[in-house]
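The exercises below concern charged side chains and one backbone angle. Please work through each task with the sequence and the model open before reading its solution.

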Amino acid sequence: LARTSAAAGKTRLANLYRVDVEGGPGGPGHWTVHFADLPGYGYARGGRQSVEELRGIAEGYFSGDHPIAGLLHLVDSRHPGLAADLDAARWLQSLPVARTVVATKIDKLSRGDRVKNLRELERQLGMAPLPISATSGEGLDDLWTLIARLSR
């Protein structure tokens with residue numbers, strides 16, 4: 001369990017998870033994946049000092065000696081072009097780790113805005129984002145397939 005806030009920018013910790021998955025009959029079998037949910041890279045309540053503190057947490061995580069199979073860069077599909085997302089993308093591209101952009105909250109966009117925003121995110125972030133919705137479940141199967149592939 002992780003403590004969350006209704007307000008953006010309040011996460012102050014790296015939350016670490018271990019997920020054991022049982023693939024079931026005919027499935028991929030038993031496998032385990034570890035997740036590190038790091039604080040947002042570019043936005044933090046508390047001003048510049050908080051941003052630098054949280055950036056240090058993220059950079060420290062990626063400079064460790066533990067193997068990292070891949071990273072998921074979550075962006076809000078409703079707001080392409082946020083400076084924090086662009087800054088994070090530049091930094092994440094410099095890491096020697098496979099990166100996937102995940103566009104969240106896709107269910108909150110009209111069909112026209114969805115196409116427009118996904119194209120803009122692809123242009124800005126250098127790869128087609130994986131659109132998902134935690135509310136409707138859209139894209140979650142694709143996300144779990146990606147996670148399974150990376151974890152192996």
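A residue is called buried when its relative accessible area is under 20%, exposed when it is over 50%, and partly exposed in between, as computed with a 1.4 Å probe on protein chains only. The model is predicted, so that local features need a pLDDT of at least 70 and side-chain atom pairs count only at pLDDT 80 or more, while totals for chains, interfaces and linings use all residues. Residues are numbered from 1 along each chain as its sequence is written, and side-chain values use heavy atoms, with hydrogens and water left out.

**Exercise 1.** Determine where K105 is found, and describe its phi angle.

Solution. Begin with the secondary structure, in which helices (H or I, at least four residues) and strands (E, at least two) are DSSP runs numbered from the N terminus. On this scheme K105 is found in the loop between β4 (99-104) and α3 (111-125). Next, consider the backbone: most residues other than glycine have a negative phi. K105, although not a glycine, has a positive phi of about 60 degrees. Finally, K105 has a relative accessible area of 35% and therefore counts as partly exposed.

**Exercise 2.** Identify which residues form salt bridges with D76, and state whether D76 is buried or exposed.

Solution. A salt bridge is taken here as a side-chain nitrogen of Lys or Arg within 4 Å of a carboxyl oxygen of Asp or Glu, and a search of the whole structure finds 6 of them. One joins R78 to D76, with the closest N and O atoms 2.7 Å apart. Another joins D76 to K105, where the closest N and O atoms are 3.7 Å apart. This second pair links distant parts of the chain, since D76 belongs to strand β3 (residues 71-76) and K105 to the loop between β4 and α3, 29 residues apart. As for accessibility, D76 is at 14% and so counts as buried, whereas R78, at 32%, is partly exposed.

**Exercise 3.** Work out which parts of the chain are tied together by the pair R114 and E138.

Solution. The side chains of R114 and E138 meet in a salt bridge, at 2.7 Å from N to O. R114 lies in helix α3 and E138 in the loop between β5 (130-131) and α4 (140-151), so the pair ties together parts that are 24 residues apart in sequence. R114 is partly exposed at 22%, and E138 is partly exposed at 30%. To finish, salt bridges that share partners join D76, R78 and K105 into one network.
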